[in-house]
Amino acid sequence: MLRIHNSLSGAKEVFEPIEPGKVRIYVCGMTVYDYCHLGHARALVVFDAIVRYLRWLGYEVVYVRNITDIDDKIIKRAAENGESLSDLTSRFIAAMHEDCAALGVGPPDHEPRATESLQSMIELIGQLIERGHAYAADNGDVYFSVASFADYGKLSGRRLEDLRAGSRIEPDEAKSDPADFVLWKAAKEGEPAWPSPWGEGRPGWHIECSAMSRDLLGEHFDIHGGGLDLQFPHHENEIAQSECASGKPFVNYWIHNGHVRVGDEKMAKSLGNFFTVRDVLAEHPAEVVRLFLLSSHYRSPLSYTFAALDEAKGSLERLYNALRDLDGEHSSSGRHGDYSERFRAAMDDDFNTREALAVLFELAREVNRHREAGEAEQARNKAGELRELGSILGLLEQSPEDFMKGSFSAEERAAIEDLIEQRQQARKDRNFAEADRIRDQLHERGIALEDTPHGTKWRKEQ
């Protein structure tokens, strides 16, 4: 029985989809003005693992992850670079897709872009005005009236009185209440703009997700996710405008992942303490980074250190080592054995990947026990189960040999294999000094050799 920690109630709740056997999930995606950093990667990997697990359970999942391609930061960066908005966003959308592919993050079923959903946003704003929840101001902006929604603050626990006390109306704003937020921004000179019933302008950030989720998942759907920093004001505002427009509950379960931290601060571009995905992947294999991102419960903060990545690498090597020379597939569905049941129990407990990984390490030890006891069939069967469960988390999807050999190019691999052949010939010729010299030469290049009954195997040293 799957239980999910619902940010709306602050408690774990039994998951019951609106439609039996089907799950509709929306996750806030990237604002594309720069490369993804590890904080973004955590959200991408966490929700990829959640979707993989839901599908493994047998649910028919419709997964939507949007792209924000119009925003103040995007406009500013394009102006700084002297390039068009579309050139900037196209470049970083392509880079995001490359990062996702490298991390094993599958594409969502739908990936709507804000600039392609403008008509839906305009229609939604019009409905809010008609129902008395929004108003057009004298300066051409359109604002949502927070006071018109009695449940405002139910996700974040914020009180309207406190928000008013901590807010002020800027000189260029014409809103009636300091807590009100913008739905449509009037055009400013030199900025991109689109036509609307209220004049040329562009949408506010919050209206995007309400419009895109409604288009693709309907007015009421199962799961909405995103980073913890989006809980307020973004997700709070989504609830307000969506429920005021439809008169229905917006989302049943809200899931928020914790921050990646560097020292005592969250990783963020605004703080300048971020590491891009591609920079990290230049130094560490992608599955190592993925295991690191899943090594803590998704709601907990995750501290980024070089030592933590090294530990993740060693952990993943233990799993791959258990699979070496065992190429058989799991002979059953993988859902009824003791380890599979324990894995499922961990994931059913609010997608607890930390505990699920612990089950994988125990299963790897079981594989090794069967191997050492000469029980080949049992070892292959458990190795297949290990692969199946690992794949739910996006792990163990390479051959053990490819993983152990690290990120060598084809040319480098050919040169290493050639040296190994020379060493084997030297051993046949009983020229052990030459064989040792070649082993030392490979060791200096970071290559470890292992002589087995099946031949000499090699891998990248830790």
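Predicted model: local features only at pLDDT ≥ 70, side-chain atom pairs only at ≥ 80, totals over all residues.
Where is A415 found?

1. **A415.** The residue A415 is found in helix α15. With a relative accessible area of 33%, A415 is partly exposed, because residues between the cut-offs of 20% and 50% are put in that class.

2. Helix α15 covers residues 410–428 and helix α16 covers residues 432–444. The two pack at an angle of about 160°, and their axes are 7 Å apart. Angles over 145 degrees count as roughly antiparallel, and α15 and α16 are therefore roughly antiparallel to each other. Their crossing is left-handed.

3. **Who meets whom.** On the α15 side of this contact you will find I416, L419, I420, Q422, R423, A426 and R427. Their partners in α16 are F432, E434, A435, I438, R439, Q441 and L442. By type, the residues of the contact of α15 with α16 divide into 8 nonpolar, 2 polar and 4 charged.

4. **R439.** This residue of helix α16 deserves a visit of its own. R439 counts as partly exposed, at 28% relative accessibility. Leaving aside neighbours within four places in sequence, R439 is in contact with R423, L449 and D451. R439 and L419 are 20 residues apart along the chain, with 8.7 Å between their C-alpha atoms.

5. **Helix α10.** Now move to residues 306–323, which form α10. How far apart are the end C-alpha atoms of this helix? They are 26 Å apart, which agrees with the span that its 18 residues should have at 1.5 Å a residue. The buried residues of α10 are A308, L309, A312, K313, G314, S315, L316, E317, L319, Y320, A322 and L323. Note that charged residues are on that list too, namely K313 and E317. After α10 comes D325, whose phi is positive, near 65°.

6. **S117.** To finish, look at the loop between α3 (85–102) and α4 (118–130), where S117 is found. Is S117 buried or exposed? At 9% relative accessibility S117 counts as buried, since the cut-off for that class is under 20%. Apart from neighbours within four places in sequence, S117 is in contact with P112 and M212.

Terms used
Residues numbered from 1 in each chain as written. Heavy atoms only, no water. Helix = DSSP H or I, 4+ residues; strand = E, 2+ residues; numbered from the N terminus. Expected span 1.5 Å × (residues − 1). Buried < 20%, exposed > 50% of the residue type's maximum accessible area, 1.4 Å probe, protein only. Axes fitted to C-alpha atoms, helices over the stretch in contact; angles between N-to-C directions. Parallel < 35°, antiparallel > 145°, perpendicular 65-115°, else oblique. Left-handed = near helix turned anticlockwise from the far one by under 90°. Contact = heavy atoms within 4.5 Å.
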